[in-house]
Amino acid sequence: MGANSILEVIDLHVGYRIYKGFLKVINGACITVEKGRKIGLVGEAGCGKTTTVKTVMRVLPIPPGRVSKGEIVFKGEDLLSVNLDKVKGVRGKGLSMIFQDPMAALNPTFTIGTQLIDVIKCSKRKGYATRNASSVRDRAIQILEKVAMPDPERIMKNYPLQLSGGMQQRVCIGIALVNARHLLIADEPGTALDVTIQDQILRLLQELVEEKDMAIILITHSLGVVREMTDRVYVMYAGDIVETAKTKDLFANPAHPYAQGLLASIPKLTGGGVPMGVEGRIPDYLNPPIGCRFYPRCKEAMSICAESKPPFCDIGDGHQVACYLFGREKK
Amino acid sequence: MEKDINTLLSVKGLRKYFKTPQGTVRAVDGIDFSIARGETLGLVGESGSGKSTVAYVLVGIYAATGGEVIFNNGQNLGRDFRKRPMNLKKDIQIVFQDPGSSLNPRRSIKQIIEVMLKTHRVVPKEDRMSKVAELLKRVGLPVEYMYKYPRSIGGGEQQIVAIARALATDPSFVLLDEPTSALDVSMQAKVINLLIDLQKEFSLTYLFITHDLSLMRNVANRIAIMYLGKTEEVACAADFFQKPLHPYTQMLISSIPVATEEEAAIKPKKIIARGEIPSPVNLPTGCGFHPRCPERMDICSEVDPEMVATGEAHFVRCHLYLHR
């Protein structure tokens with residue numbers, strides 16, 4: 001474990017038990033987050049991005065979810081071995097998450113003020129949680145100001161339904177910021193919003209993260225967002241991390257056939273028509289392919305791909321790719 | 001927008017208001033546009049700008065409050081949507097945003113497509129089955145999918161079924177209401193390519209509604225930007241991205257997250273997006289965009305600007321270009 005890393009996900013296997021059997025979703029994911037780094041996690045819908053971070057936050061419902069193998073180390077502590085009653089304390093030490101749909105993340109029956117104050121009261125941050133009602137309230141208002149909410153006094157009394165999607169997401173960011181000091185996980189924070197609002201939310205997140213020197217894991221399926229926001233990208237396909245690189249390297253020189261296909265399927269602002277997407281679908285998690293999970297859709301599939309899972313292969317400057325195309329070149 | 005044989009649809013001063021306890025919502029507040037045969041017009045705007053309402057009025061789900069919709073140089077379709085003749089209903093079809101909720105989960109795909117064939121008497125009863133098979137084949141789905149239910153196929157395939165259903169009546173005009181916003185990029189590429197192929201094959205005319213401008217760049221011939229129930233700028237797709245005129249268009253284009261350097265280069269100098277779309281119940285006075293506009297002048301809060309032509313087929317509704 002590097003001295004600088006604050007979160008390490010090591011060989012994580014997560015699945016869901018359903019009536020038909022066991023869905024093997026996350027299949028040995030490894031992610032390292034260093035202090036103050038901005039990490040992007042991209043992939044198609046249903047490829048396990050959210051499952052991964054929910055496991056990290058320990059909010060994955062168990063059952064049906066089950067972590068069959070792996071370790072999640074946050075600041076030297078294995079999160080998976082922490083008792084569920086104590087996990088709140090660990091989260092309070094500086095780990096927070098923003099969910100995709102702000103409407104579903106906020107409780108519609110309580111005012112914004114109540115929900116914000118509850119989080120502040122529960123905070124494990126030293127000297128932050130007080131019993132003094134007025135100072136807690138002041139803190140809540142400060143937080144709303146921090147996330148650029150107009151008229152925080154009034155917003156405190158509003159219910160989530162009275163706010164627009166962008167404002168709700170600002171509240172969620174505010175709630176996440178109460179505890180986040182080391183790592184913030186943002187699960188598609190702008191996807192449910194319009195482009196101009198998404199732009200505002202992402203800019204706000206970037207400012208706050210840089211100001212506090214926090215690390216962030218940004219989950220998204222928009223490659224444009226990743227390019228503009230992050231330093232390092234992990235490309236996920238069907239529960240596997242297939243490629244990781246510095247953001248610039250990945251966009252300049254994607255190595256894995258899936259990453260290439262994904263990059264090629266974005267329509268360009270400069271025109272030039274709509275490219276063909278990657279053929280086929282995400283595999284059935286009940287009986288996933290034994291070898292590389294991408295090989296049924298891969299144009300460059302070889303016989304070895306069907307047999308065993310390709311190991312990570314470094315192709316220079318921390319650019320790692322899990323594909324037999326590259327292991328062979330080295331030999 | 002005079003009558004000519006090339007124009008398939010022309011919309012003039014279309015308005016649609018909704019009465020609610022909070023006041024009248026002006027969802028669509030006087031828009032004009034026309035679509036030529038075989039063209040794809042892109043309609044872009046934030047949520048709440050009235051894009052979908054326009055589509056619903058055109059397809060006949062709502063009756064218009066005012067203005068006219070002329071289809072094929074015929075009668076006004078805006079009002080009396082219940083009296084709209086069957087052959088016109090057959091000619092204008094729609095594909096909705098979320099295929100999960102626009103396909104009946106309790107009907108098989110065969111039944112879903114057959115309803116259209118029955119209602120519009122497209123083919124005789126005994127040929128229905130083969131027509132469904134033919135449609136599925138055309139959109140690239142296996143014929144066995146006929147017996148499947150919407151839930152058991154993927155989101156992209158559901159949307160393809162919805163497209164097959166829209167094509168079942170052999171329409172000339174198809175409204176696409178954010179057909180790919182619920183899909184992944186790679187599935188989106190597949191659906192869009194299918195739509196482009198079908199357009200060529202059946203000489204269809206599309207009104208393509210989306211909020212994804214980079215997609216629009218590659219699909220539409222012309223683009224209209226909507227804001228608060230009004231069109232702000234109409235231009236050819238290439239023009240639109242090379243020299244966006246309206247401050248709102250510039251804000252939109254500069255907000256798009258892009259994946260390559262060349263794209264970043266064509267974005268206008270960063271106009272910082274701020275503010276949110278106001279409620280259509282309490283519209284701002286004057287130009288609807290003035291509270292968010294970086295270049296607002298005194299006149300903007302008082303007078304609503306008129307649409308002016310600034311070049312060939314490039315129209316903009318902004319005071320900046322009005323007094324030149």
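Gly40(A) stands opposite Val233(A) of strand β9 in chain A. This is a predicted model, in which local features need pLDDT of at least 70, side-chain atom pairs count only at pLDDT 80 or more, and totals for chains, interfaces and linings use all residues. Residues are numbered from 1 along each chain as its sequence is written, and chains are lettered from A and ligands numbered from 1 in the order in which they are written.

Strand β3 (residues 38-42) of chain A runs parallel to β9(A), and four bridges join them; strands pair if DSSP finds at least two bridges between them. Strands are DSSP runs of E with at least two residues, and helices are runs of H or I with at least four, numbered from the N terminus. β9(A) is also joined to β10 (residues 240-246) of chain A, antiparallel, by six bridges. Within that pairing, Val235(A) has Glu243(A) as its bridge partner. The two strands, β9(A) and β10(A), form a hairpin with two residues between them, and Ala238(A) in the turn has a positive phi of about 45°.

β9(A) (residues 232-237) is mostly covered, with six of its six residues buried; buried means that 20 or more other C-beta atoms, placed from the backbone, lie within 10 Å of the residue's own. Arg232(A), Tyr234(A) and Met236(A) lie on one side, and Val233(A), Val235(A) and Tyr237(A) on the other.

Chain A also meets chain B: 36 residues of chain A are in contact with 35 residues of chain B, contact being C-beta atoms, placed from the backbone, within 7 Å. Helices α8 (195-212), α9 (223-229) and α11 (257-264) of chain A each supply at least two residues of the side that touches chain B.

Conventions
Two residues are in contact if their C-beta atoms, placed from the backbone, lie within 7 Å. A residue is buried if 20 or more other C-beta atoms lie within 10 Å of its own, exposed if 12 or fewer, and partly exposed in between; C-beta atoms are placed from the backbone.
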